[in-house]
Amino acid sequence: MREQIEAYFADKEKLLVEAVSRLVSIDSVEGEPVPGAPFGPGPAAALKEALAIAEEWGLIAENHEGYVGTAGLNDGEDALHILGHLDVVSPGEGWTVTQPYAPKLVDGLLYGRGTDDDKGPVAASLLAMKAVKDLGVPLKRNCKVIMGTNEESGSGDIAWYFARHPYAPATFSPDAGFPVINTEKGSLRPTFTKSWPAQAELPRVKWLHGGIRMNILPGEASAGVEGLTMYDIQPVARNITARTGIKFTFAHEDGLTVIKAKGENSHAAMPEEGNNAITGLISLLCALPLGPGGCKDALSDLNALIPHGDYKGRALGIAQEEPVSGPLTLAFSLLEITETGLKGYFDSRVPLCATEENCLNVAKTAFEGRGFTFEGVQGAPHHVPADSPFIKTLLKRYEEYTGLKGECLSTGGGTYVHDIPGGVAFGCSLPGFDSHLHGADERARVSDLMLSAKLFAHIIVDLCGE
């Protein structure tokens, strides 16, 4: 079978690049819902184009009320679902090779928003289906590519679809990388608050703002302090910078000394790769001679519960790990302080061994013991046994087509199959490739997309063939 597949794809690279480019040319960032487009006109337009490609390639295409589109090979029972998405994150700034929605091929790399996440992989999946159809492989069951439109902001598309349609025995999503991601950590993302009477005694913190999103460890935070000058604060700040690596700048605004803390952003699933500006700023504020009670006590409590550099929840009493999914991680991601209270959030990715008893309840007790309110639920992890026949098939073909060792990996991030029974992430980029995911100059390596299409075609035959 491999020889037939290799021969079929020998002249298909141009066709694949054209298909990806058609999809990437559409701005499919989520928008306001309209009839037939529950996630806005952009995702709907991308879905329409993807279904048009599927029909042109002889597949059975169907639009499911704008939530998802499907492309199948026959009317048989689904044995395999390939789950990709057509919505994208906003373009952002800093593009240099091309504009976000003007795909450009340079030295084997196709640039544009969505080339890697996830329009390139969707096109590769459709091309794999076309290959199986054109080769006339006898099939006893069906494979279906399910093309979603809401992965980047909640996956409501998939929840809607599977509330109305059954799962397949096997599902993979080419929305991550090779080889196989079979384990995804669970989550704990609570909200905590504390209030106090407004205080007149100086020095005092008037406000603090830190963080931009729940799932991003913040690289910037700022606070307005009354009753201290920058010259009072600078010597203390130098000591904190030496200890934490957080850098501070100062300005005088509206009678306040505004302190800006600069660290480094990272994904909340990998907090050790960043440097948290919120916890660094708290460290500085706790070292200043603030007036007693109120905000000062709350900052001291936060400093004790989530000290700077504690990305594993040790101080909170929830640090734990096990071999498959690795350690618990914790990112203090959002904090707002006013004159009378605070509201904060942390994002913890918890391993397979975490339970409500040893994680959620422990954190809740620690916060409430210091006078905070604490609200949140613990999300379950996702795990598919590495010795399942499905995963063995994926890894066998991966090793055959790449010559690389196949293995199962764990992630602290969530993939499109987190809530799909038996689902795993598989493809579309080889290990070590930086696609600039969600950043400027996002790109996909065309050879990886072609390799993926071949792999997927063979796997379709394995799982659906006679």
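**Entry 1: helix α2 and its partners**

I began with helix α2, where E13, L16, V17 and V20 meet V446, L449 and M450 of α11. I took contact to mean heavy atoms within 4.5 Å. The residues of this α2–α11 contact divide into six nonpolar, no polar and one charged. For these classes, Ala, Val, Leu, Ile, Met, Phe, Trp, Tyr, Cys and Pro count as nonpolar, Asp, Glu, Lys and Arg as charged, and the others, Gly among them, as polar.

A note on the source: this is a predicted model, in which local features need pLDDT of at least 70 and side-chain atom pairs count only at pLDDT 80 or more, while totals for chains, interfaces and linings use all residues. Residues are numbered from 1 along each chain as its sequence is written, and side-chain values use heavy atoms, with hydrogens and water left out.

Helices here are DSSP runs (H or I, at least four residues), as are strands (E, at least two), numbered from the N terminus. Helix α11 spans residues 446–464. I looked up the geometry next. The axes of α2 and α11 are 10 Å apart, and the packing angle is about 105°. Axes are lines fitted to C-alpha atoms, for helices over the stretch in contact, and angles run from 0 to 180 degrees between N-to-C directions. The two helices are therefore roughly perpendicular to each other. The cut-offs are under 35 degrees for roughly parallel, over 145 for roughly antiparallel, 65 to 115 for roughly perpendicular, and oblique for the rest.

Then I turned to α2 (residues 13–24) with α3 (residues 41–56): their axes come within 9 Å and cross at roughly 155°. That makes α2 roughly antiparallel to α3. I noted the crossing as right-handed. The rule: left-handed if the near helix is turned anticlockwise from the far one by less than a right angle, right-handed if clockwise. From α2, the residues A19, R22 and L23 meet A46, E49, A50, A52, I53 and E56 of α3. This contact divides into six nonpolar, no polar and three charged residues.

**Entry 2: helix α7**

How many of the ten residues of α7 are buried? I found nine, so the helix (residues 277–286) is mostly covered. Buried means under 20% relative accessible area, exposed over 50%, and partly exposed in between, with a 1.4 Å probe and protein chains only. Among the buried ones are A277, I278, T279, G280 and L281. At the helix start, a side-chain oxygen of N276 reaches to within 2.8 Å of the backbone nitrogen of I278.

**Entry 3: two residues in strands**

I checked N182 in strand β8. Is N182 buried or exposed? At 4% relative accessibility, N182 counts as buried. Its side chain makes a polar contact of 3.4 Å with the side chain of T183. A polar contact is a pair of N or O atoms within 3.5 Å; within protein, one must be able to donate a hydrogen and the other to accept it, and residues adjacent in sequence count only if both atoms are side-chain atoms. A polar atom of the N182 side chain also lies 2.7 Å from the backbone oxygen of V384. Not counting residues up to four places away in sequence, N182 touches several others, including H382, H383, C408 and V424.

D78 was next, in strand β3 (residues 78–85). D78 is buried, at 16% relative accessible area. The side chains of D78 and K144 are joined by a polar contact of 3.2 Å. Leaving aside neighbours within four places in sequence, D78 is in contact with N142, K144, A168 and P169.

I looked for cis peptide bonds. One joins F178 and P179, with omega about -5°. P179 sits in the loop between β7 (170–173) and β8 (180–184). Another joins G427 and C428, with omega about 15°. C428 is in the loop between β25 (423–426) and β26 (443–445).

I also looked at phi. S155 is not a glycine, yet has a positive phi of about 60°. S155 is in the loop between β6 (142–148) and α5 (156–162), and is partly exposed at 22%. D254, also not a glycine, has a positive phi of about 50°. D254 lies in the loop between β14 and β15 and counts as exposed, at 79% relative accessibility.

G255 is in the loop between β14 (247–253) and β15 (256–262). At 48% relative accessibility, G255 counts as partly exposed. G255 and G224 are 31 residues apart in sequence and 9.3 Å apart in space, C-alpha to C-alpha.
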